[in-house]
Every structure is written in structure tokens, then in C-alpha cells.
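The sequence and the model are shown first, and a description follows.

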Amino acid sequence: GQLALVAGLALHDAVRGLAPAEAAPGLRLKWPNDLMIEKAKCAGILVETTRARSGGQAVVIGFGVNVVSAPEGLDRPVAALASHGVAATADALLAELDSRLIERLHQWQSGAGFAKIRVDWLAACGPLGQPVEVRGNTAPIRGVFAGICPLGGFLVTDEAGVTRAITFGDVEMI
């Protein structure tokens, strides 16, 4: 679960590295795997693991980024980086992302460095205390964003004042 946050932070770093200071002022991370501009999604990340032939584990991280344009007619707001002042090409973004992902993976060190990743991720997301609704395979949970747990789960304090870590679901900032 931590790798989605590591990858998201690397993508956030890459876009910030290519953008002029005034570009995409609402650029932020959304747990666990989206990059947003204000309330519009501009990128998604998918992390898949499998067993390697050697017996170890293999990880594939996929990034879908709306660099120049965004699809139309979806049921949610979407945005392209170019329409928010980030004039990078896909090749430039890929090169920057490659560099930033290597840096963040070294920092993460298979979880040993997640505490710093967590601090940086929280600095790049929406504010703590923001109202949220989490939808998963149970009834929706309404509450406030309370942070990220040490394992990478989304912390929500529900309407009864109980804080719990969510490891699966769609989070909507409300």
C-alpha cells in the first residue's frame, strides 16, 4: 500500500519540477493514487504486484497522466496539465518522473523510510480536518481526514469520533 503513495509523491514532485511557480496552484495528491488540480483528476496511478519467476515479488507501477488534453464526458471533473500552465511534453514528464521515482524509492527503502514519505505526502495533499466520504465495500463512512497511518492507510475520524485506517476505497473530499 505504501508504494502507491511513493509513486504519487514522485509524480507530484515531477510535475512541480516542470511547472513554473504559478502553474497549477491547486495541484495536490488524493489518497491513494490520484493527482488532482483543484477538484479535477489529472492523473491516476496503478500499482500491481506479482510473483517473479525467481520466486521473489515483482511490482509494476503504471501512470496515466493527462498531459496535453483530458477526456470529455466523464462522470467526474478531469483536467490536463497543459490547461493549467504546465507546458511539458509527455517525454519531458516521463524523464522527470523517472528521476523523481528513483529518488523517492531510495528514500522509501522498502518501508524503512516511509515516515519521511508520509510527511511529504501529507504536505502535498488536502488539509487535515477536511470533510470526507469514503466508499468501499461497506456502507459509506463520513468524517474528517485525520492523516495517513504508518502503513499507508487513510485515517478518517468518523461522525462518532472514532478514527480508523482505511486500506481500500474511494475517498471524496466534500
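## Basis of the description

The structure is a predicted model.

## The five-stranded sheet

Five strands form an open sheet in the order E8-E7-E6-E5-E9, and their pairing is antiparallel. Its edges are strand E8 (163–166) and strand E9 (170–173), each of which pairs on one side only. On average, neighbouring strands of this sheet are turned by 45° against each other, direction ignored.

## Helix H2

Helix H2 comprises residues 90–108. Its 19 residues should span 27 Å at 1.5 Å a residue, and this agrees with the 26 Å that separates its end C-alpha atoms. After H2 comes Gln109, whose phi is positive, near 50°.

Six positions are named as buried in H2: Leu93, Glu96, Leu97, Leu101, Arg104 and Trp108. These residues lie on the same side of H2, because they cover an arc of only 140° around the axis. Asp91 and His106, by contrast, are exposed on the other side of the helix. The cover over the buried residues of H2 includes H1, strand E4 (57–65) and H3.

## Helix H3

Helix H3 (residues 114–123) has Phe114, Ile117, Asp120 and Trp121 as buried residues. They cover an arc of only 125° around the axis, and therefore sit on the same side of H3. The face turned away from this buried side carries Ala115, Val119 and Ala123, which are exposed.

Among the elements that cover the buried residues of H3 are helix H1 (2–18), strand E1 (27–30), helix H2 and strand E6 (141–148). Strand E6 is also a member of the five-stranded sheet, where it stands between E7 and E5 in the order.

## How the parts relate

The two helices take part in covering each other: H3 is among the elements over the buried residues of H2, and H2 is among those over the buried residues of H3.

Notes. Residues are numbered from 1 along each chain as its sequence is written. This is a predicted model: local features need pLDDT of at least 70, side-chain atom pairs count only at pLDDT 80 or more; totals for chains, interfaces and linings use all residues. Side-chain values use heavy atoms; hydrogens and water are left out. Two strands pair if DSSP finds at least two bridges between them. Helices (H or I, at least four residues) and strands (E, at least two) are DSSP runs, numbered from the N terminus. Axes are lines fitted to C-alpha atoms, for helices over the stretch in contact, and angles run from 0 to 180 degrees between N-to-C directions. Buried means under 20% relative accessible area, exposed over 50%, partly exposed in between (1.4 Å probe, protein chains only). The arc is that of the directions from the helix axis to the C-beta atoms. Contact means heavy atoms within 4.5 Å. The expected span of a helix is 1.5 Å times one less than its number of residues.
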